[in-house]
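Me: I would like to go through this model with the criteria in hand, asking for each label what it rests on. Shall we start with the helices?

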Number of protein chains: 2
Amino acid sequence: MFLSDLDFSSPVPIYRQVIYLIKLEILSGRLRDGDQLPTIRELAKILKLNPNTVAKAYYTLENERFIESKRGSGNWVNYKKAKLDSLRRGMVEDEFRSFLETALSIGATIEDIKNLLKRYSDNDRKNR
Amino acid sequence: MFLSDLDFSSPVPIYRQVIYLIKLEILSGRLRDGDQLPTIRELAKILKLNPNTVAKAYYTLENERFIESKRGSGNWVNYKKAKLDSLRRGMVEDEFRSFLETALSIGATIEDIKNLLKRYSDNDRKNR
DNA sequence: ATAATTGTATTAATAATATAATACAATAAT
DNA sequence: ATTATTGTATTATATTATTAATACAATTAT
């Protein structure tokens, strides 16, 4: 299921990488509403992590309403179709804001970014 | 000069807040190319910080080409150069590419991003 | 030349964060 | 009822990041 895409040499903490991977699975549609996730101990074994690390990821995902945890039974994906869009939008906007902040602090202008986007969307069109 | 806008209860480290404040001064135009900044020790006294904390902020700003430090004399704003630096442009593009990749993998479209950018550039215009 | 002022470098102390070890408590299966 | 499986809570350890103490070196002013 998870092609152990973890990078142990990255400065990004493992539990955050796990969160990110699962969010991607959900938002891309590979994991759907109601699907069961591996148990904490299962996933820990697969990824060769301490169960607490996985637990922390799951716990965070539950706080963000991505999944639901039930003691004794397991964890399930929990987003309603309607929620998905706003969720996705929120995530994209977060990413965008943080990119924009960086870009501006580096010295780029909004105009620069517009041009970049134009260039890339032209490429995108070509590649379809 | 700096209305001690530091928030010691914030999780954002002090030296980053200092960086942010100075960038704001520069990007807003209140500090202009060639202007002299307070010396490390001066600013440390004003903000009641350890000089090393200010030094770290200045050091980072110099690395990012926002200011120039000269031992024995002080620190000066050096924004114009930074803006024109093609190396910086490369950085922005790298950031952009990585943002775009993430956004697309989450499920956003180019159109979504265009709209976001429009929204933010409108805000930017309003705040000028 | 000398002294004062500046940024820099080195090291130590502290604080924050991430990970691990272990024990606990609710649910499910038998 | 009992046992195994699950998520949770508590505590300890390791790692990293931040801040501080101190000494150093280049520049400026006298």
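**Labels and their criteria**

Me: Why are α1(B) and α3(B) called oblique to each other?

Reply: This is a predicted model in which local features need pLDDT of at least 70 and side-chain atom pairs count only at pLDDT 80 or more, whereas totals for chains, interfaces and linings use all residues. Residues are numbered from 1 along each chain as its sequence is written, and chains are lettered from A and ligands numbered from 1 in the order in which they are written. The axes of α1(B), residues 14–28, and α3(B) come within 8 Å and cross at roughly 50°, where axes are lines fitted to C-alpha atoms, for helices over the stretch in contact, and angles run from 0 to 180 degrees between N-to-C directions. Under 35 degrees counts as roughly parallel, 65 to 115 as roughly perpendicular, over 145 as roughly antiparallel and the rest as oblique, so the pair α1(B) and α3(B) is oblique. Helices here are DSSP runs of H or I with at least four residues, strands are runs of E with at least two, and both are numbered from the N terminus.

Me: What makes up the contact of α1(B) with α3(B)?

Reply: Counting residues as in contact if their C-beta atoms, placed from the backbone, lie within 7 Å, B:Ile14, B:Tyr15, B:Val18, B:Ile19 and B:Ile22 of α1(B) meet B:Thr53, B:Val54, B:Lys56, B:Ala57, B:Thr60 and B:Leu61 of α3(B). These residues divide into 8 nonpolar, 2 polar and 1 charged, with Ala, Val, Leu, Ile, Met, Phe, Trp, Tyr, Cys and Pro counted as nonpolar, Asp, Glu, Lys and Arg as charged, and the others, Gly among them, as polar.

Me: Why are α2(B) and α3(B) called oblique to each other?

Reply: Their axes come within 8 Å and cross at roughly 120°, and therefore α2(B) and α3(B) are oblique to each other. On the α2(B) side the contact is made by B:Ile40, B:Arg41, B:Leu43 and B:Ala44, and on the α3(B) side by B:Pro51, B:Val54, B:Ala55 and B:Tyr58; the division is 7 nonpolar, no polar and 1 charged.

Me: Why do β1 and β2 of chain B stand at the edges of the sheet?

Reply: The 3 strands form an open sheet in the order β1-β3-β2, with antiparallel pairing, where two strands pair if DSSP finds at least two bridges between them. As β1 (36–37) and β2 (67–70) each have a single partner strand, one side of each is left without a neighbour in the sheet. For β2(B) and β3(B), 4 bridges join the two, and one of the residue pairs is B:Ser69 with its bridge partner B:Asn75 in β3(B). Across β2 and β3 of chain B lies α3(B), running at about 120° to β2(B).

Me: What gives the largest share of the surface near DNA strand C?

Reply: A residue is near a strand if its C-beta atom, placed from the backbone, lies within 6 Å of it. Of the 26 residues around DNA strand C, A:Pro13, A:Ile14, A:Asn50, A:Gly72 and B:Ile40 come nearest, and the largest share, 4 residues, comes from α3(B). The division of this surface is 9 nonpolar, 12 polar and 5 charged.

Me: Which element gives the most to the surface near DNA strand D?

Reply: There α3(A) gives the most, with 4 residues, and A:Thr39, A:Ile40, B:Ile14, B:Asn50 and B:Gly72 come nearest of the 25 residues around DNA strand D.

Terms used: Two residues are in contact if their C-beta atoms, placed from the backbone, lie within 7 Å.
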